[in-house]
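Please read this briefing with the sequence and the three-dimensional view open beside it.

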Amino acid sequence: DEAPGENPEVSGLFVQKPESVTATKGMANGKDITLVAKVDSSSLTRKPAMKWLKGKWLDLVSKAGKHLQFKESYDRNTKVQDLWLDIIKVVDGDAGGYRCEVTSKDKCDSCTFEVSVQGGSADRHLITLFGDAGEDAGELDFSALLKKSLFYVLRKGKKPEEPKEEVDVWEILKAAKPCDYEKIAFQYGITDLRGMLKMLKKMKGETKKSDVFLSKLDPAYSVDHGKRIQLTVEVADPNATIQWLKNGQEIKPSAKYVFENVGNKRTLTINKCNLSDDAAYECVVGEEKSSTEVFVKEPPVTITKLLDDVHTVEGEKVVFEVEVSEEGASVKWMKDGDELNRETAGSKYRFKKDGKKHILIINEATREDIGTYYVFTSGGESKAELEVEEKELEVLQSIADLTLKAAEQAVFKCEVSDEKVTGKWFKDGVEVEASDRIKISHIGRTHKLTIDDVKPSDAGDYTFVPDGYALSLSAKLNFLEIKIDYIPRQDPPKIHLDASGSGNKNVITVVAGNKLRFDVEVTGEPAPTVCWSKGEQVRTAAGDSHHSPLPRSIPRQVLSLLVVCEAEGRVRVETRKTLSSFVIDGAERADEGLYTISVNNPAGEDKAEIFVRIVDVPNPPENVKCTSVGEDSATVTWEPPSFDGGNSSSTLFIILQRLKKTGSARWTKLNFDVYEATTYEAKKMIEGVLYEMRVFAVNGIGISQPSVSSKPFMPIAPTGEPTHLLVDDVTDTTCALKWRPPEKIGAGGIDGYIIEYCKEGTNEEPVAKNQYRVKGLPVGEKMLFRVVAVNVAGRSPPATLSQAVTIREIMENPKIRVPRRLRTKLITLVGEKVNLVIPFQGKPRPVVTWFKDDVLLEDKSVGIRTSEVDTILFIRSAERTHSGKYTLSVQIENVSDSADIHIQVVEKPGPPINVVVTDVWGFNAALEWKPPKDDGNCEIIGYTIQKSDKKTEEWFTIYEHNRRPSCTVSDLVMGNEYSFRVFSENICGLSEKRCVQTVYVYIRVYKLIYEDLLFKSPPFQEKDMSSSPKFTAPLLDRSVIAGYTVAISCAVRGNPKPKIIWMKNNMTIEGDPKFLMQNNQGVLTLNIRKPSLFDGGRYSCKAVNEFGEDSVECKLEVRVPQEKGDQVKK
């Protein structure tokens, strides 16, 4: 199996070699065998290749499955690779000689061992009786094996326990399908599958040969995945048509399947075989077929990169990664014998594929994930250990001892590394429960225990114990008791403010979102009680518990709130010895108002008021709209914002922006200086483009959010005045005007026109057309008219008539305008429609009268309709009686005009009359006839004469368009009898009936003349058409673009049909699916599929037969397409 020229050095690589074993086969199922080999790879540069072989050639990897399983592992520390071969449920066919080979780049080693199988009874399989398939075992004699019966053979001196029914393996294989050969071989213990197929083919070849096939397909073919295979048959008839089938379905020629016909051989080439090509194939010729089975061998998937052991801590992500030899291969993950897949793993495990890499991800590993993880492929396996340790908890801040006096606040606080960790607080070993005075909080990584109004009973040891960790934090609370006897001093309380005690209000301004901290100094003895209030909300800061009760001035409805001391929260009161601080975090608009601070003690009370003003950016302006537009301008108005930011005295500034096109995300600022008014005129706009406007409000704090965009509008201007206004017609009560559109229309277009006259009244709706008739005008009055164009921008300047129009109908003489086609005779067929439209003019409306042949037209089959400007004569189905002269007369008072129109209705003529033969002489006959009685209302333009032989009774035309009623028929055959018929013809065609001569005319035979003409014709000699090949059309040089299919063609002639040979650079082209050669009646075509630069060169075509040969050639140039950028540079 080594490549030529390679001779690896034989060296001892095995640390442990497989040992020969003897397995016991039971009556039901055999036992399992495990063979182990260990290889030292410390001296190798890369991983060695390993093979398990049976006999000389059988590679056991191709038989991997449930019966034969392979495993391997690699120890990175000792660099020793372990190899396992497991034989599951041993059968008799597993007995024999085995070999294990290890090969590296420059080293190799091998070892042999034996596997023996002992049955529970004195029997062995047929195959094992004829040889042990050892190292020196040759090819088995299947001719003897397959003819023998499969039965239990008696050992020397022993008899079988039970007689077995004889089974002829050959008959089973002969009747089975090719796809079942391997299954039958495995069932009866045949290990030499290749030898079995050879013998089966040889024995099948002994059957009777087919009349259609000279050679059929082999029973089975085997091909590696991705390789090419050819199926070839030889047929008896070289012109026979064959059909290829795959699993009963017809195969069409393509790049995948290529058909070749060379002489009697028919070949099917399958390119790049995959698992879908593993099927049954048939070649069908007529009623006979040849079948075979194609087996596609999928190479076993091996592991090229093993799993690595992982050591991690709880909560971390774990990634196992393995790399296999094939992309898209399937692997199986297992943990401690349990399979892991997407259905059973849930969200705990994730599986990924990246080319040849397969990845198992464990999210947030726990102690339960500890174990051994396996990955299995069809050709190997790998395993890795996962160790997960508990995550240590770090103490970032421990709790500290406290020493406090009565009524003070005790706060125990600690911080750990994991914010998800919970815990419990203990006092002297007893768990602390939360109450109104004792609060327990957990915010992020901080744990806090707060004890308000400390008492002597609160003293002790306090401990915090995190849940799930063997850790505790302890601190001690010491209570300090102080007893002082003194005489209390009493001073009335005082609030120290600049405006304290006066009637003026103190105003504090704060920007919304900022923090407000207002410190007020308070004095008094004993320490006064401080009360902050806004409306009914009161915030207090109490002193000692022995202070005097609160003053009566505080409303009773808020007394329940005075005892609350808000030391925490967004709005709170912070108190120190002589200082009271009012704090607002993130000021909001709702915080604005009048706040009152009250202080009192037994010696008195004091009060002060502070007004807190919250200022913010204003709300956006409202109701933005466009009030008017011009050609390049627009006026926009809006309303001030509903909230000006809290400072009414500040100036309101406006910023305008516009959107160039509706739907665009780009806004353009119009004014760069702030604008005070609420109306703005935008200029330098583009006419016909839609715009939107929005406005920002500005104060001393900042800019507001944008307003809602205005409705889209378009700057447009009114059109110019209409042009060429003139009077088209005037009657006693109406006036018709005509004009042209304005020269300047603009983007707004024209919605219509408004017509006005100097008296009262106008058309309310715009007129869309460029003409209009004003009705209801007074007779004889002089009127002035003007026309205005209207669009969305308004009215245009008016177009006015230069002088007044007198409303009186103008007299116009009648006149008929006959169309050009009616100035000559109108000829039409019987049954066709006649529709004559004849315009006329005249004012007032003339009287129209129709005449036929100078008589008033009263025919009901002729319809007449008349309007103000034309008249229509309509005949639905013309008859010959409608032919004649039609006269149209129009008259106004005593003035009239008339026009004549001639109509002729025609049809096909009747047959000629009385066809007779007036004379017969020699080869000639003279005919005469009379014209038809009915000429179809038009002139007869000729006659058509036909003859008929009495023997054939077929009619043949002799003359066409014969003008005279007589003719002479020549070239008649002596001895035949003839009949003649004549058709008449006019402009409509031949007559439907014909006039036939009833008596046959006999042409006499003149023997004397005939005998003189007799001569003996020479014998027929067949012409020799054989010729050497000669090209009648040469190949032409071509220049093509790479990637586009090209075809080159030529034409050849020769007898017998020459053999065609295509060559590239003097090398014959054959067997390449990229080239498709066609021959259609001597036209030769070579199709090159998607040529590349390497397909360029000189192509030639040679035609050869037994009389000679001829060839033509051409040059094919393949160019790379240029990019557009390169063409522009050139």
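A polar atom in the side chain of D109 lies 2.9 Å from the backbone nitrogen of L13. This is a predicted model, in which local features need pLDDT of at least 70 and side-chain atom pairs count only at pLDDT 80 or more, while totals for chains, interfaces and linings use all residues. Residues are numbered from 1 along each chain as its sequence is written, and side-chain values use heavy atoms, with hydrogens and water left out.

- D109 belongs to strand 10, which covers residues 107-119; helices (H or I, at least four residues) and strands (E, at least two) are DSSP runs, numbered from the N terminus.
- D109 is buried but has no salt bridge, and K17, the nearest side chain of opposite charge, is 5.2 Å away.
- Buried stands for under 20% relative accessible area, exposed for over 50%, and partly exposed for what falls in between, with a 1.4 Å probe and protein chains only.
- A salt bridge needs a side-chain nitrogen of Lys or Arg within 4 Å of a carboxyl oxygen of Asp or Glu; for charge, Lys and Arg count as positive and Asp and Glu as negative, while His and the chain ends are not counted.

**The chain as a whole**

- The protein chain holds nine helices and 88 strands, and buried residues make up 38% of its 1130 residues.
- Of the contacts in the protein chain with a separation of 6 or more, 62% are between residues 24 or more positions apart, where contact means heavy atoms within 4.5 Å.

**Strand 68 and its partners**

- Strand 67 (residues 862-866) and strand 68 (residues 870-875) run antiparallel and are joined by five bridges; two strands pair if DSSP finds at least two bridges between them.
- These two strands, strand 67 and strand 68, form a hairpin with three residues between them.
- Within this pairing, I864 has L873 of strand 68 as its bridge partner, and G863 has F874 of strand 68.
- Strand 64 (residues 834-843) also pairs with strand 68 in the antiparallel sense, over six bridges, and V834 has I875 as its bridge partner there.

**T871, a residue of strand 68**

- T871 is found in strand 68 and counts as buried because its relative accessible area is 0%.
- Leaving aside residues up to four places away in sequence, T871 touches several residues, among them L836, I838, F840, V848 and I864.
- The side chain of T871 makes polar contacts with the side chain of W850 at 3.3 Å and with the side chain of T866 at 3.2 Å.
- A polar contact is a pair of N or O atoms within 3.5 Å; within protein, one must be able to donate a hydrogen and the other to accept it, and residues adjacent in sequence count only if both atoms are side-chain atoms.
- T871 and L888 are 17 residues apart along the chain, and their C-alpha atoms are separated by 9.2 Å.

**T267, a residue of strand 17**

- T267 is found in strand 17 (residues 265-270) and counts as buried because its relative accessible area is 11%.
- The side chains of T267 and T232 are joined by a polar contact of 3.4 Å, and the residues that T267 touches, not counting those up to four places away in sequence, include W244, V258 and F259.

- Three strands form an open sheet with the order 71-72-75 and antiparallel pairing, and its edge strands, strand 71 (913-921) and strand 75 (966-969), each pair on one side only.
- Strand 72 (residues 924-930) pairs with strand 75 over four bridges in the antiparallel sense, and E928 stands opposite S966 in strand 75.

**Backbone details**

- The peptide bond between K843 and P844 is cis, with omega about -10 degrees, and P844 is found in the loop between strand 64 and strand 65 (847-852).
- Another cis peptide bond runs from N1055 to P1056, with omega near 0 degrees.
- D428 is not a glycine, yet it has a positive phi of about 55 degrees; D428 lies in the loop between strand 32 (423-427) and strand 33 (430-431).
- N623, a residue other than glycine, has a positive phi near 55 degrees and lies in strand 47 (residues 622-629).
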